[in-house]
Amino acid sequence: MECLKEVIVSPVSATYWGIPGYVIFWVLFAVAFGLFAQRFYLLYRLMRLGKQENRFDRISERIKAMLVEVVPQWCTLKTVTRKDLAGLAHALLFWSFSLFFISYIIFIGLAGGFGLSPLIERTPFETVYFSILDIAALLVTLILIVAAIRRYVIRPPRLEPTAEAGIILVMVFSLMALHVIGVGFDHASRGVHTSWPPLGAALAGFLNQTGLSQTTLEATSRGVWWLHYLVILSFMVYIPHSKHLHILASLVNAFFKPLGQKVVLEPIPLEALEAPEGEATFGASKILDFTWKDLLDLYACAECGRCHIHCPAQLTGKTLSPREVIHHLKEHLLETGPKLLAPQAEPSSESQVDMPAKTMIGDVVTEEEIWACTTCGACQEVCPVNIEHIRKIIDLRRNLVLSQSKMPESAQVMLRNMQQRGHPWAGVQSMRLRGDWTSGLELKILAEGDNAHTLFWVGCTGALVERNVNATLSMTRVLKAAGVEFGVLGESETCCGDPARRAGYEFQFQMMAEQNIEIFKGFNIKEILTACPHCYNTIKHEYPKYGGDFKVVHYTELIADLIRQGKLKLPNELNSRLTYHDPCYLGRYNSVYHEPRRILQAIPNAKLEEMERSRDTGFCCGGGGGLMWIEEQPGTTKISQMRIEDVLKTGVETVVTACPYCLQMFEDAIEHKGVKESLKARDLVEIVDEAMKSS
Ligand code: SF4
Ligand code: SF4
């Protein structure tokens with residue numbers, strides 16, 4: 001490599017039309033930064049219009065979680081599959097672009113803007129750094145070409161071929177090209193003959209052979225430098241106006257994401273019920289009824305469409321698309337928000353300003369969309385930027401149910417049952433103790449004055465629906481065989497409140513939660529064992545906000561542990577090929593993936609075949625979010641039937657699950673598909689019961 005000794009004049013050291021380059025540099029920067037900051041401040045103020053929510057707890061944990069997710073790009077790498085490598089491409093883009101971003105600070109900001117060129121430029125550091133950038137530029141260009149072909153030629157359903165995406169692709173490509181061209185002209189104009197950085201040096205070699213004059217080479221070199229700088233500044237201005245706002249917002253969103261619990265629902269204080277009529281709004285009917293974190297989510301959306309292609313409602317032909325919900329809410333915020341910030345407007349009183357023509361529920365998000373969500377969590381699981389879709393949908397439901405008394409008829413029946421009977425099903429409470437329940441099992445039904453360390457919380461479906469009662473009986477036999485001591489509540493057990501909460505009937509949920517907690521405390525209960533993942537999730541994560549802090553265990557966790565400790569023997573061969581369906585509230589909500597599989601592996605000759613969509617990419621049964629009791633949109637495929645198609649592809653004889661809702665939905669779908677003879681749906685505990693019995 002030839003060593004360079006000449007004194008270099010940076011492009012900003014020159015004078016243009018009598019104006020020093022430095023002045024032009026800083027004026028352009030000030031204008032661009034001013035535009036960026038102005039837009040950014042507007043977005044910040046709009047976000048601040050949202051309701052209060054505390055996400056400033058556990059700061060060090062949040063910083064760590066953010067860094068662990070963003071720096072290694074786990075947020076996008078987690079979405080990589082054999083069929084979809086876009087997450088890997090995004091990670092490479094992120095790392096490459098980070099290198100370029102650092103180079104802009106060093107070689108343009110410090111070198112050009114602060115006159116440090118002689119210290120930084122033409123040094124071995126620059127040569128090494130620019131050589132790395134050459135490789136990055138090549139990589140980024142290849143990724144951009146593939147991205148453009150995918151978006152505009154192949155057009156997969158998750159990507160929209162928008163003009164905005166095209167502008168960004170062109171801008172990023174320009175930055176890469178200008179970097180290489182800039183180095184090429186710089187070397188050629190100074191007569192440098194080197195091999196590094198490879199692309200720039202090759203271009204310089206070519207330019208040297210073209211016979212271009214020194215003046216032309218120098219002028220072009222400066223021109224390219226300024227053009228490069230202008231594109232960088234334009235990019236900075238454009239970002240907060242485009243979907244690429246997510247580059248900044250997703251970082252912040254990673255900091256404020258929920259820690260531990262995946263779906264955080266904010267309670268509505270019961271006192272709100274006492275507000276004079278018309279003064280209290282429940283849930284979200286206007287954009288400002290969401291919290292600031294919900295509004296931040298809207299900025300963070302990259303419109304990648306992953307949620308769209310994983311949503312069971314969307315895949316079965318419903319109108320709901322989580323991507324569109326987020327996108328439309330963002331557009332609505334940007335349209336209505338500035339009017340609310342106008343000086344004459346009271347932020348808390350939307351009625352005092354010109355109301356936008358659109359209503360949020362109806363025009364922006366339709367009621368059909370709102371009621372199509374099963375709250376399965378697939379959208380949140382795949383979202384690379386931590387958007388919380390579900391609580392927004394539940395807030396919209398809360399408004400429909402609590403403020404507008406609007407809900408599908410089937411939901412009304414379920415909610416009425418919960419109010420009047422204490423559970424969502426037909427039948428009265430006393431049916432919880434019918435026949436089989438008490439005979440021969442010697443259950444300890446807790447009565448006044450009793451104490452119990454462990455409560456087996458049966459759940460409404462397990463106690464009242466005939467098919468599920470079989471699984472409950474299996475459960476009690478297994479617990480007794482393993483010597484687990486437990487009590488049950490019998491008639492005193494009501495619903496945990498999950499269906500009411502997911503359907504938006506928040507007050508009913510809160511009343512049930514408080515009543516149940518009181519009962520648990522009355523019997524001095526320390527540990528609650530559940531058969532239903534919905535009860536498990538609700539009691540484990542949502543009761544603590546109401547003073548109910550208990551150890552909550554799903555039966556799959558307990559049985560896996562009993563097998564490991566040798567307290568439960570499973571000697572019987574099963575001789576069956578089966579597949580395991582991950583219930584959303586057990587898998588995605590609580591990451592209980594291994595225990596059910598460990599149990600199946602412990603059963604002799606149980607041959608487990610995994611479905612393509614399993615574990616965190618498992619597909620919903622269609623019964624969550626209250627949809628067990630709510631009719632799916634007419635003219636669409638039932639989600640449970642689509643899931644049974646997945647099961648049939650494996651060619652197994654049995655689909656096993658660990659949730660009473662899933663079991664119900666599958667029984668129904670198997671019947672509907674007419675495959676009853678060849679396919680059975682069973683609860684995992686029934687299989688354990690069978691494997692445990694002495695032959
Ligand atoms: S929770 Fe499930 S059904 Fe609801 S929007 Fe997300 S993916 Fe769709
Ligand atoms: S919400 Fe998340 S997954 Fe859905 S389009 Fe936006 S960034 Fe992608």
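Two strands count as paired if DSSP finds at least two bridges between them; strands (E, at least two residues) and helices (H or I, at least four residues) are DSSP runs, numbered from the N terminus. The model is predicted: local features need pLDDT of at least 70, side-chain atom pairs count only at pLDDT 80 or more, and totals for chains, interfaces and linings use all residues. Residues are numbered from 1 along each chain as its sequence is written, and chains are lettered from A and ligands numbered from 1 in the order in which they are written.

**Exercise 1.** State the order of the four strands in the open sheet and find its edges.

Solution. Step 1: the order is 7-6-8-9, with parallel pairing. Step 2: strand 7 (606-608) and strand 9 (680-683) each have a single partner strand, so they are the edges, and one side of each lacks a neighbour in the sheet. Step 3: from one strand to the next the twist averages 35 degrees (axes are lines fitted to C-alpha atoms; angles run from 0 to 180 degrees between N-to-C directions).

**Exercise 2.** Describe how strand 6 is joined to strand 8.

Solution. Step 1: strand 6 (residues 576-580) and strand 8 (residues 654-657) run parallel and are joined by three bridges. Step 2: Y580 has V656 of strand 8 as its bridge partner.

**Exercise 3.** Characterise the contact between domain 1 and domain 2.

Solution. Step 1: domain 1 covers 11-47 + 76-241 and domain 2 covers 270-406, with bounds from an automatic or database domain assignment. Step 2: their centres, taken over C-alpha atoms, are 38 Å apart. Step 3: domain 1 contributes 10 residues to the contact and domain 2 contributes 15 residues (contact: C-beta atoms, placed from the backbone, within 7 Å). Step 4: on the domain 1 side, helix 1 (residues 21-48) gives the most, four residues.

Terms used: Two residues are in contact if their C-beta atoms, placed from the backbone, lie within 7 Å.
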